[in-house]
Amino acid sequence: MKASKVAYKPVGLALGALSGVLAGGLFKQVWKKLGHDEDAPDATDEERTWREVLLAATVQGAIFAGVKAAVDRAGAAGTRRLTGTWPG
């Protein structure tokens, strides 16, 4: 394993945690704007419909994937600017 990959590992972990926090906040805002309750439904929430549960899961998954990709890409680009090598 290249030294740059090993050195980037803690940065990647920190960026992963940051992306989770950012995505969670963004999802809550989007969910409210879609006109739903403040809390998104859980899959086992008996009071919610299938449609609402699946919509929430789909929107949440898309937001989390997009934010994670953006944060990971920005971290790799920043690492390249600082070190001159791509961490991946």
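**Arg48 and the overall architecture of the predicted chain**

Arg48 counts as buried because its relative accessibility is 17%, where buried denotes under 20% relative accessible area, exposed over 50% and partly exposed in between (1.4 Å probe, protein chains only). The model is predicted, so that local features need pLDDT of at least 70 and side-chain atom pairs count only at pLDDT 80 or more, while totals for chains, interfaces and linings use all residues. Residues are numbered from 1 along each chain as its sequence is written, and side-chain values use heavy atoms, with hydrogens and water left out.

Arg48 is located in the loop that separates helix 1 (3–33) from helix 2 (50–83). Its side chain reaches the backbone oxygen of Asp39 at 3.3 Å.

Two helices and zero strands are present in the protein chain (DSSP runs of H or I, at least four residues, and of E, at least two, numbered from the N terminus). The radius of gyration is 17 Å, well over the 12 Å given by the globule rule for 88 residues, so the chain is more spread out than a compact globule; the radius is taken over C-alpha atoms, and the rule is 2.2 Å times the number of residues to the power 0.38. The C-alpha trace spans about 50 × 25 × 15 Å along its principal axes.

Of the 88 residues, 23% are buried. Among contacts (heavy atoms within 4.5 Å) with a separation of 6 or more, 53% join residues 24 or more positions apart.

Methods:
Polar contact = N/O pair within 3.5 Å; in protein donor to acceptor, adjacent residues only side chain to side chain.
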